[in-house]
Amino acid sequence: MDNENINLGDKIDETIKKAIKYSKSAIVILSDKFASSKHCLNELVLILERNTTSKYFVIPIFYYVETDDVNHQLGKFGDAFKQLKKQHNDDKIEKWRAALAQIGGILGKEIKEKK
């Protein structure tokens, strides 16, 4: 979503939820900091819920992260979940874990360092 569609005074969470609800597709960029953001995780849950209830096209971009780390919350994703677990209830954590496992199972583009 382009931030030109967000006006001064708009509630960002509501605007993003509305954009997800009315969009036809989503590109999810999963970086090493993604799992540290409850906002990113909540948006991912919404995107994947939309994906199961309608024809919705989701493309994950694994930006310098391993799909296994996303799938199984390993590495920096695992570290982030240890911190989140201190702040959020188990139901929320399980929703986020399930969403990461689901997005990790979707064929996407991997961007990695050239060796």
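**Ground rules.** I worked from a predicted model, where local features need pLDDT of at least 70, side-chain atom pairs count only at pLDDT 80 or more, and totals for chains, interfaces and linings use all residues. Residues are numbered from 1 along each chain as its sequence is written, and side-chain values use heavy atoms, with hydrogens and water left out.

**Arg-50.** I found Arg-50 in helix 2, residues 38-53. Helices (H or I, at least four residues) and strands (E, at least two) are DSSP runs, numbered from the N terminus. I then checked burial and charge. Arg-50 is buried and has no salt bridge. Buried means under 20% relative accessible area (1.4 Å probe, protein chains only). A salt bridge needs a side-chain nitrogen of Lys or Arg within 4 Å of a carboxyl oxygen of Asp or Glu. The nearest side chain of opposite charge, Glu-49, is 10.0 Å away; Asp and Glu count as negative, Lys and Arg as positive, and His and the chain ends are not counted.

I next looked up neighbours. Beyond four places in sequence, Arg-50 is in contact (heavy atoms within 4.5 Å) with Ile-20, Lys-21, Tyr-22, Ser-23 and Tyr-56.

I traced an open sheet of three strands, order 1-2-3, with parallel pairing. Two strands pair if DSSP finds at least two bridges between them. Strand 1 (25-30) and strand 3 (109-111) are the edge strands, each pairing on one side only. Three bridges join strand 2 (residues 57-63) to strand 3. Ile-61 stands opposite Lys-109 in strand 3.

Terms used. Buried < 20%, exposed > 50% of the residue type's maximum accessible area, 1.4 Å probe, protein only.
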